[in-house]
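The sequence and structure come first.

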Amino acid sequence: CFGSGHPPRDVFIMREAVPMRTWVLPRQRSRFATLAALLCAVAALATQWTAADETLSPTFAYKGGTAVAPRRKKARVILLKDYGSLGKKDDIVDVKRGYYRNYLFPEGIAIRESYSELNKIKLEQKRQAEADAQLVAKATEQKAKIESHGEFVFEKKVREGSDSIYGSLSEINVAEEVVKSTAIPIKRTSVTIPKVTALGEYKGTIDLGAGITASIDIKVVKEGGDGDGEAEEE
């Protein structure tokens, strides 16, 4: 407001130079003053927040009050295969940019981390999990079938006057008998049995994969003898 209640002469000159629609009335001046005060308060708060951020977040640089993330000194990559001390396939690691650019990427060992690559990994992991679940279900079914069979009996020639058999019972013999009895394909290398050189009962295992192992009972009897493998009395 003006002290005398009337605007000075300079104001009349301004009225002639400035269109009427741009005049600032007393009520408008009070509104502008309030708005200006609010803007000053917001600016002060923003300055305080910026100062606090600079103290709490030393990893960011500030230009004109705007936080700017510094450039990484290392490249963040996703391993496409197991590789030494860096990690295993699908691991995310930080490596020197030159090492990635000149060796890891050209050799197909790693690729830059990105949303698209991360989505590919998630999709691949989901498919692998589904495939693993199917293998577990199949192996569990095979385990039940093998173990429900009961004893696997093998006839062997016996040395005269003893229970010792000619030769021995091998993993191949067991695998072939299991395949013939259950129609389940078994690899020789998946069969584990103790050394069998005499008549008697033994325990063995068959690795069916997917972390599933079947237990089997083995019985070695005299060839042409009775089911208990005992020699007939003369």
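In this predicted model, strand β8, which covers residues 191-192, runs antiparallel to β10 and is joined to it by two bridges. Within that pairing, valine 191 has isoleucine 206 of β10 as its bridge partner. β10 also pairs with strand β11, residues 212-222, again in the antiparallel sense, and here the pairing extends over nine bridges. One of the residues involved is glycine 200, whose bridge partner in β11 is valine 220. β10 and β11 together form a hairpin that leaves two residues between the strands, and alanine 210, which lies in the turn, has a positive phi of about 60°.

| Strand paired with β10 | Sense | Bridges |
|---|---|---|
| β8 (residues 191-192) | antiparallel | two bridges |
| β11 (residues 212-222) | antiparallel | nine bridges |

β10 takes part in a pocket as well. The second largest pocket holds about 210 Å³ of space. Its lining is made up of 13 residues, of which Gln142, Pro185, Asp207, Leu208 and Gly209 are the closest to the pocket centre. At least two lining residues come from α4 (115-147), and at least two come from β10 (200-209). Sorted by class, the lining of the second largest pocket consists of seven nonpolar residues, three polar residues and three charged residues.

Which residues does glutamine 142 contact, once its neighbours within four places in sequence are left aside? They are Ile184 and Leu208. Leu208 is also, like glutamine 142 itself, among the lining residues closest to the centre of the second largest pocket. Glutamine 142 is found in helix α4, and because its relative accessibility of 16% falls under the 20% cut-off, this residue counts as buried.

Turning to the protein as a whole, the model contains five helices and eleven strands. The chain has 234 residues, and 20% of them count as buried. The protein exposes about 17,400 Å² of surface, of which carbon and sulfur atoms supply 54%. When contacts with a sequence separation of 6 or more are considered, 44% are accounted for by residues 24 or more positions apart.

Definitions and conventions: Residues are numbered from 1 along each chain as its sequence is written. This is a predicted model: local features need pLDDT of at least 70, side-chain atom pairs count only at pLDDT 80 or more; totals for chains, interfaces and linings use all residues. Side-chain values use heavy atoms; hydrogens and water are left out. On a 1 Å grid over the protein atoms alone, a cavity is a set of points where a 1.4 Å probe fits but cannot get out, and a pocket is an open set with protein on both sides within 12 Å along at least five of seven lines; lining residues have an atom within 4 Å of a point. Grid points are joined across faces, edges and corners, and a volume is the space filled by probe spheres set on the points. Helices (H or I, at least four residues) and strands (E, at least two) are DSSP runs, numbered from the N terminus. Ala, Val, Leu, Ile, Met, Phe, Trp, Tyr, Cys and Pro count as nonpolar, Asp, Glu, Lys and Arg as charged, and the others, Gly among them, as polar. Buried means under 20% relative accessible area, exposed over 50%, partly exposed in between (1.4 Å probe, protein chains only). Contact means heavy atoms within 4.5 Å. Accessible areas come from the Shrake-Rupley method with a 1.4 Å probe; for residues, only the protein chains shown count as cover. Two strands pair if DSSP finds at least two bridges between them.
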